[in-house]
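Dear colleague,

I am handing over the structure below, and after it I set out what was found. Please keep it open while you read.

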Amino acid sequence: MTTAQALTLFALRDVAATPLPELMQLCSGRLQAGERLLALFGRPAPELGANTIMVTAVLQPAQGAFALLRATAERGDHYRCLTAQHPAAQILERELWEQTGLFPDGHPWLKPVRFEGERQQRMLEYPFFKVRGHEVHEVAVGPIHAGVIEPGHFRFMCLGETVHHLEIQLGYQHRGVEALLLRRPVWQLTPLVESISGDSAVAYAWGYCSALEFMSNQALAHAVLASRAIALEMERVAMHLATLGGMATDIAFLQGGATYGRLRTAIINASQRVCGNRFGRGWIRPGQAKPLSKALQQDLTQTLTAFATDFAQVNQLMLSARSVQARLHGTGTVSRQAALDLGLLGPVARASGVALDGRTQWMDAAYGLTPPPRVTETAGDCWARMLLRMREVDGSVAWLLRALADTTLDLSQTGQAPRSRAAALQPDALCVSLVEGTRGPVLQVLETSPEGELRHYKVQDPSLPNWFGLALAMRDNAISDFPICNKSFDLSYCGNDL
């Protein structure tokens, strides 16, 4: 483990590949013991055979380093599913099936995730769940939405105004991100990585750059890590403001909607003054981060100080308004047990009492001795998700002001490391990189060949498991509650539709 994200490198010569049933049995035992399944994916392995699939599982114990399990299988092989006993595996097994053809026997919800490959022409065959009854009716929303909302289909099964089941069908965007990442020189991928989920550009760029640096044995100055952490917290503040503004607008609390929007503009404009882009693109590159001159540090400090006063005032308006309280309390509740069972991540999980935050789990040089505090709420409803974001913004701003005032840091010296574009990657290795982004941990896995070439690039956005949490949150709520539930989760469509 190193830096402010989980970053682990495995020498593949030390990781024996087992048969697939044995891997799944090992995974099940580890999950039963309380470990978390971070990733489960496969890739074609032509070096082993024309139809051979290499399957990789990454698990996180309560303490210590990640565990890596590998298995080989033939396309079309079957295995006993994990989902029946461990529901959090459901989306990972569905993705594995869709991408490799490996079939999880007994999976209760085996449906396409993205409609990849030949399935792109079969979206109309999607097997929606049916709720039967003479007074049950279905409401279909999307996939085309107003404004700039990305495509997604929401199918509500209602009795009167009450939603008994919501099914979310995504997969309308076929960008082929993971394949595209293998077609360009590995040291020149940052602009593409930043566009995987545009409102998480900093988190993705940091994870990618750190993996390359770690695999090429490049050490970074403390100031580089600190500049990256400042970029990430600026991104977190801006995106939480976008969510809060959307929540206020969706319940017609116009003071909140207008003020959060104005404050978000101040934050993203400050990021633009550092790196030339309001979403932080260009702030991080392999071996470097944007330098912060004394003038820029003062600029950010003044922006954040003025922001904190106005943010506290609009928060008080939101929290004290009876209309807001009536609309959000008890709406879209996800219990702590449900969040654990479904493997929910990020603010959505923390609002249900699941205390997972990589900034406090994997802290070191980037965040200093006092990282932003880990915040949790217990109610698991829209109110809790709103309040948690307010509290996280407060924590991020307090940390940013401390970092910018730290006289031991020379943030103006964060230039490019001389080896960053020419260094060779460790051959026959696999690097797991997680960065705690706005929505939760952004996972990237890079695997190299025996020649040191990039062989596989796996991307996993925290939205992937959280979409099912949104569907669960809508049960027994009025259909008119959907906009506010949806905004309180604030998930990424393109984070799912890679």
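Eight bridges join strand β4 (residues 52–60) to strand β5 (residues 67–74) in this predicted model, and the two strands run antiparallel; strands here are DSSP E runs of at least two residues, helices are H or I runs of at least four residues, and both are numbered from the N terminus. Two strands are said to pair if DSSP finds at least two bridges between them. Thr52, for instance, has Glu74 in β5 as its bridge partner.

These strands belong to an open sheet of four strands, ordered β2-β5-β4-β3, in which the pairing is mixed. Because β2 (17–19) and β3 (36–44) stand at the edges with a single partner strand each, one side of each is left without a neighbour in the sheet. From one strand to the next, the twist averages 30 degrees, where angles run from 0 to 180 degrees between N-to-C directions, and axes are lines fitted to C-alpha atoms, for helices over the stretch in contact.

Helix α1 (residues 20–32) packs on the sheet and touches β2, β3, β4 and β5, its direction making about 150 degrees with that of β5; contact means heavy atoms within 4.5 Å. Helix α2 (residues 90–100) lies across β3 and β4, and runs at about 0 degrees to β3.

Helix α7 (residues 254–275) and α8 have axes that come within 10 Å and cross at roughly 165 degrees, which makes α7 roughly antiparallel to α8 (under 35 degrees counts as roughly parallel, over 145 as roughly antiparallel, 65 to 115 as roughly perpendicular and the rest as oblique). By class, their contact has 14 nonpolar, five polar and four charged residues, with Ala, Val, Leu, Ile, Met, Phe, Trp, Tyr, Cys and Pro counted as nonpolar, Asp, Glu, Lys and Arg as charged, and the others, Gly among them, as polar.

Helix α8 (residues 294–320) also packs with helix α13 (residues 382–405), at an angle of about 155 degrees and with the axes 10 Å apart, and the two are therefore roughly antiparallel to each other. The residues of this contact divide into 16 nonpolar, four polar and one charged.

As the model is predicted, local features need pLDDT of at least 70 and side-chain atom pairs count only at pLDDT 80 or more, whereas totals for chains, interfaces and linings use all residues. Residues are numbered from 1 along each chain as its sequence is written, and side-chain values use heavy atoms, with hydrogens and water left out.

Best wishes
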